[in-house]
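Here's a quick, friendly walk through a protein fold. Have a look at the sequence and the 3D view before reading on.

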Amino acid sequence: MEEEQVAPVADDTSTVPDRLLRSALEFAIGTAAAGAKARPPLPHPDALRPFLRLHRLPPAAYARVRQAIEDDPQFLARVGNVASAELVDEIGLVWLRREPGWRVVIDELVASAGGVGQDRWTAARREQRKRQAAEDAAAKARAASVALQDQLARERATHEHDRAERLRLIDELDSARSRLVELEGTVGALRDQTARARAAASAAEAARATATDRAETAEAARDAVLAARVEALSGPPAAFVNDELHRVYEVAVHGVHEAERAMRELGGLVAQAPRGPAVEPEQRSPRARRERPRRAPLPIPGGLYGHSAAVAEHLLRVPGVHVLVDGYNVAMLGWPSLALPEQRERCIGAAEDVARRWGTAITIVFDGADIIGTSAGRRLVRVVFSPPGVIADDVLRAQVAASDHAQPLVVVSNDQAVIADVRAEGANTLSSDQFLTVARR
């Protein structure tokens, strides 16, 4: 709190000799020296700074010190508040405190001091000197007490702040302890969850290993079943099949020639026969009305585009379907940069992937059983090579014509002539591009 502003007063004590104010002046010097050592230091007149280290004030400095004190009313008031009769004589105490009527009192004290004889004055001076040491110590103690009071006030404020901070830290510590207890509980729960998760992972790993073994066993069984199915469809060995296909082809060509000759003879007989009454349809023989059963193509579900991979996948997955593949037509389209044997192996491998995926019965027909390096082997698909002098297209046509009309057939080829002929027999067709798209997935 700032000290109250005190207005300077007129020097009405000019008639008071400086020597009569010695005790007051030295007490003021001691108070200023003690205040300068305080932290923070107490203010004092700058003019007093040269005298702060002196134990006794020389008479020559009385006037200068007196003038500096009287020019600083605030410092004068602070010194007067701490001055006492034990430390300052009566004239000096009145001069420092300046209570109401102090001018009259000090004039009387000065007059009384002026009427005293030289002996009395000298005795008083000696007595005063005797008390000098005690007065100096008391003055310093008094000044130090003022500084200590200020210091104590500051330390009390600091203590209150530290106490409040300590209470806050205690509250934070209690909160941290509570949080630590919660975290320990959470960590325990997480440890239990981790243990359960590890146990579950171990069980899952064991189940995965078991499932893997079962899957491998199932795949082996499936491959065996597919191989058995291919073997059943394959019938005799490849060499015998090629000879048989050649014989069937020759018989079929001979039958076509005989049929054409018979039709020509029948046409001549019909032209020579006399016209008779027309025979109504109901009068014809039941044998004449009997027709060869036709194969019905597999229906395509609505929403599927005719040349899309979705249609190809649908047809290849139909239960009981038999797929006939124009081998080199697919192989040369799918792997044009490879040699012919490698193209053939890639084509067979792609067809086996389809057979393994859905259990589809697939027969691949290649040209030329007489080509070196061709072999049917044991596969998940049936591999057939056309006999010498017969192309694979004719083998495909012959197999479609010789199949049971109830057997759904799908022919894979980009040859438009083959596609037109097998469609006429009721077989479904897929382009080589569609087949390769599905097989490579």
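What follows is a short tour, grouped by topic.

This is a predicted model, where local features need pLDDT of at least 70, side-chain atom pairs count only at pLDDT 80 or more, and totals for chains, interfaces and linings use all residues. Residues are numbered from 1 along each chain as its sequence is written, and side-chain values use heavy atoms, with hydrogens and water left out.

**The big picture**

- The protein holds 15 helices and five strands; helices (H or I, at least four residues) and strands (E, at least two) are DSSP runs, numbered from the N terminus.
- Out of 441 residues, 33% are buried, where buried means under 20% relative accessible area, exposed means over 50% and partly exposed is in between (1.4 Å probe, protein chains only).
- If you take contacts (heavy atoms within 4.5 Å) between residues at least 6 apart in sequence, 66% of them join residues at least 24 apart.

**The cores**

- A nonpolar core is a set of buried Ala, Val, Leu, Ile, Met, Phe, Trp, Tyr and Cys residues joined through side-chain atoms within 4.5 Å.
- The largest one here has 38 residues, and Phe27, Val65, Ile69, Trp95 and Leu96 touch the most other members.
- Elements giving two or more residues to this core include helix 1 (22–37), helix 4 (90–97) and helix 7 (132–234).
- Helix 1 is the top contributor to this core, with seven residues.
- Another core, of 33 residues, lies apart from that one, and its members include Leu298, Phe385, Val412 and Leu430.

**Helix 4**

- Six of the eight residues in helix 4 are buried, namely Ile91, Gly92, Leu93, Val94, Trp95 and Leu96.
- Beyond its neighbours within four places in sequence, Leu96 is in contact with Ala24, Phe27, Leu76, Val79, Gly80, Ala83 and Val88.
- Just past the end of helix 4, Arg98 has a positive phi of about 55°.

- Strand 2 (residues 361–366) is mostly covered, with six of its six residues buried.
- Ala361, Thr363 and Val365 are buried on one side of strand 2, and Ile362, Ile364 and Phe366 are buried on the other.
- Strands pair if DSSP finds at least two bridges between them; strand 1 (residues 322–326) pairs with strand 2 in the parallel sense over five bridges.
- In that pairing, His322 stands opposite Ala361.
- Strand 3 (residues 382–385) also runs parallel to strand 2, joined by four bridges, and Ile364 stands opposite Val383 there.

**Ser413**

- Look for Ser413 in the loop between strand 4 (409–412) and helix 14 (416–424).
- Ser413 counts as buried because its relative accessibility is 1%.
- The side chain of Ser413 makes a polar contact with the side chain of Asp326 at 3.0 Å; a polar contact is a pair of N or O atoms within 3.5 Å, and within protein one must be able to donate a hydrogen and the other to accept it, while residues adjacent in sequence count only if both atoms are side-chain atoms.
- Setting aside neighbours within four places in sequence, Ser413 is also in contact with residues including Asn329, Val418 and Leu430.

**Charges over rings**

- A charge sits over a ring if NZ of Lys or CZ of Arg is within 6 Å of the ring centre and within 35 degrees of the ring normal.
- Arg357 lies over the face of Trp358, 4.9 Å from the ring centre.
- The charged end of Arg440 sits over the ring of Trp335, at 4.9 Å from its centre.
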